[in-house]
Amino acid sequence: MIISTGSSVKMKERADELFQISPLMITELPVEMIIHIFSFMDGWSLQACRSVCRSWNIILEGGHLWELLCKKEDLKMYWSHLNEHEEPLDHRWRNVWIWHQMSRHPFQAGEVKEGFGTFADSEEGTTYLGQWKENKKHGWGKFVWGDSSRYEGQWFNDKRTGFGTYFWLDGRYFVGYHCEDKRFNGKFYWPAGSSYEGQYKNGSRDGAGTFTWPDGDSYQGTWREGGRFESGIYRCVQKGKEGEFPQTWNEVEFDFNDRGPTIGKRKIDDEPESDGDRDHEEDDNEVRDWKRKKQDIEEEEICEIGSVKSKTSKKRKSARLEA
């Protein structure tokens, strides 16, 4: 059988029409489909895809895919000014992933620490993961003590300086600004629902601030060395007792249960409501000091009551003798 040249050309063209696959580029897929495909990739692959084309780069600039990836790998960062500082802003999720990847480089004892990396101090039982400069914590970082208390935030010259969140093991945490390892301005939360928002000096409440009790009542005024000082306003929100009550104070130490002469004392669940500053060890010492002071006061009160009783009994005896 002889096939002419013209016929063979036509057959080839026909075969091409039948068997050729349409060259649909992946970049031409709908955005929803591209995002779905990207959701199966790891972080390094997503990083590589950002350089493929402009449209992919725009898609991966958003936070949705990086948020999914971070939640899948349980990567968190408490450094942004949103949602009580528990989650970063939407477009920062990629930075969260990048920061964790870069900070995983382990520094050995004696090694010069520069850039990103992790150093675990076996003697102190502490770990720092984040940015370094000339062997000092500098930039953004996370420091964890041996009992799992931790600070996540900014560092400067090996000290907590800038914005960050400090978590205690018992559930207390402080969100705000620090200066050389001391709280400077922010909000302190206690497990039972109390909170203080305002200024600090040397780690103690000092300046303008508002303390809020678990039941919603609050005191707004001036503070000095941790205690209420001079004038302020007590706001009561309890049903039937609503109102604002001016108060004047000169406390040496803040009594969490004392709400002033108008309201009186109310017991709360999370005493001693300590808000220790530098680390958990100092905080424990503060709690112990508080308990010791409280015990001494109670013993003094018992002694005073005892002395009053003894004086009374002596008076009764003398009265009997005179009779």
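Let me begin with a definition: a residue is buried when its relative accessible area is under 20%, exposed when over 50%, and partly exposed in between, computed with a 1.4 Å probe on protein chains only. By that criterion, Tyr196 and Trp223 are both buried.

The model before you is predicted: local features need pLDDT of at least 70, side-chain atom pairs count only at pLDDT 80 or more, and totals for chains, interfaces and linings use all residues. Residues are numbered from 1 along each chain as its sequence is written, and side-chain values use heavy atoms, with hydrogens and water left out.

I turn to the aromatic pairs, of which the structure holds 28. Rings of Phe, Tyr and Trp (its six-membered ring) pair if their centres lie within 6.5 Å; planes under 30 degrees apart are stacked, over 60 edge-to-face, and the rest tilted. Tyr196 and Trp223 are edge-to-face, because their planes stand at 75°, with ring centres 5.3 Å apart. This pair links distant parts of the chain, 27 residues apart: Tyr196 belongs to strand S8 (residues 195-201) and Trp223 to strand S10 (residues 218-224). Strands here are DSSP runs of E, at least two residues, and helices are runs of H or I, at least four, numbered from the N terminus.

Trp223 also pairs edge-to-face with Phe254, at 5.1 Å between centres and 85° between planes. Phe254 lies in the loop between strand S12 (243-250) and helix H7 (280-322), 31 residues from Trp223. Trp223 has 1% relative accessibility and therefore counts as buried; Phe254, at 5%, does too.

Finally, the charged end of Arg228 sits over the ring of Trp249, 3.7 Å from its centre. The criterion is NZ of Lys or CZ of Arg within 6 Å of the ring centre and within 35 degrees of the ring normal.
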